Amino acid sequence: MSAAEADAPPSHPRPADRLVIPLRTGPTPGSRTFELTPGLARFDGILYGGTGAAASVLAMEAATQRDALWVVTQFVAPAHVGETIDVGVDELALGGRIAQLQVRAHVGDRMVFTALGATARPRPEGLTGQYLPMPAVSPPDDCGPVPFGPSSMRDAEMGSSRRLEYRAARFVGEAPPGALALWARVRGIDELTRAGVAYLADMVPPAVARAAGRVGGGFSLDNALRFADVPPAEWVLLDLRGELATNGYGHGRLTAWTPDGILVATGSQTASMVHLFAPDDPLWRQEI
């Protein structure tokens, strides 16, 4: 960190970020820690992939006091509700504008996830532009709810589904092949941040299932995100594309948009596709 940055008041984590994941100062210099609560876990009490991706973003930004530019999070082992996750950041290269970083998250001696990424300071007069059009979809108020899993799991209202709200958007015209469009927000938070996008964007596996003519999802093996500036917004549109699957492992990509058409992130994901149901399976009450 430069001398000027060291003297500047901290800007990360932002107040909205503290609402997503309440990181605390960790046991070693520069590290952060948080307790895995039910609101940060899946229905089965295991770390939700979006939580790991968001924690990686938050830790990198807090360590460098710069905005996240990209992050690739790899999930190594499960963490369970009630466990404390220690998140450390190693500076691989620290320049005047760009910091290249590695994140390591542990529960005790057990590695839970790791990440590579970069944070950066803005470059005055640098290239700025948006080169993709936002898909035409129905607005959030005209969209119905999205199920999180089999009916018995949803009825229990467990895990991160208490905090996350997804609504199924309808494409205007014919939907692109393998596409799933979702409006998403974190309940109680009306300011979108990079970490908030990471928290919400762990939804490529359902798009892979949709492309295969099924409903369901899987366990994330990785989550890659690349960020632009994120203006204040409550909702984000996730344009998700299931691209291919092989031997039970699915791959897909996403773009994330504010309601007024600003592209804030692109990404991709690989998952082990272990929860798949036929659309008319009584265990899954199809709502989209």
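Trainee: Which element gives the most to the lining of the second largest pocket?
Mentor: Before we dig in, this is a predicted model, where local features need pLDDT of at least 70 and side-chain atom pairs pLDDT 80 or more, while totals for chains, interfaces and linings use all residues. Residues are numbered from 1 along each chain as its sequence is written, and side-chain values use heavy atoms, with hydrogens and water left out. A pocket is an open set of points on a 1 Å grid over the protein atoms alone, where a 1.4 Å probe fits, with protein on both sides within 12 Å along at least five of seven lines; lining residues have an atom within 4 Å of a point. With 4 residues in the lining, the top contributor is β13.

Trainee: Which elements give two or more residues to the lining of the second largest pocket?
Mentor: The pocket has 25 lining residues, and the closest to its centre are L69, L127, F227, A228 and D229. Helices (H or I, at least four residues) and strands (E, at least two) are DSSP runs, numbered from the N terminus. The elements you want are β3 (67-75), β10 (215-227) and β13 (263-277).

Trainee: How many residues of that lining are charged?
Mentor: Asp, Glu, Lys and Arg count as charged, Ala, Val, Leu, Ile, Met, Phe, Trp, Tyr, Cys and Pro as nonpolar, and the others, Gly among them, as polar. The lining of the second largest pocket has 13 nonpolar and 5 polar residues, and its charged residues number 7.

Trainee: Is D141 buried or exposed?
Mentor: Start with its partner: the side chains of D141 and R167 meet in a salt bridge, at 3.8 Å from N to O. The pair links distant parts of the chain, with R167 in strand β8 (residues 164-168) and D141 in the loop between β6 and β7, 26 residues apart. R167 is buried at 16% relative accessible area. D141 has a relative accessible area of 70%, so it counts as exposed.

Trainee: Which residues join D141 in one salt-bridge network?
Mentor: A salt bridge is a side-chain nitrogen of Lys or Arg within 4 Å of a carboxyl oxygen of Asp or Glu. R167 also forms one with E165, the closest N and O atoms being 2.8 Å apart, and both R167 and E165 are buried. Through shared partners, D141 is joined into one network with E165, R167, R185, R187 and E234.

Trainee: How many salt bridges does a search of the whole structure find?
Mentor: Here's one of them: R42 and D44 meet through their side chains at 2.5 Å, N to O. D44 counts as partly exposed because its relative accessibility is 35%. The search of the whole structure comes to a total of 13.

Trainee: How far apart in space are G129 and L263?
Mentor: G129 lies in the loop between β6 (110-120) and β7 (144-145). G129 counts as partly exposed because its relative accessibility is 46%. Along the sequence, G129 and L263 are 134 residues apart, but in space, C-alpha to C-alpha, they are separated by 9.8 Å.

Technical notes. Buried < 20%, exposed > 50% of the residue type's maximum accessible area, 1.4 Å probe, protein only.
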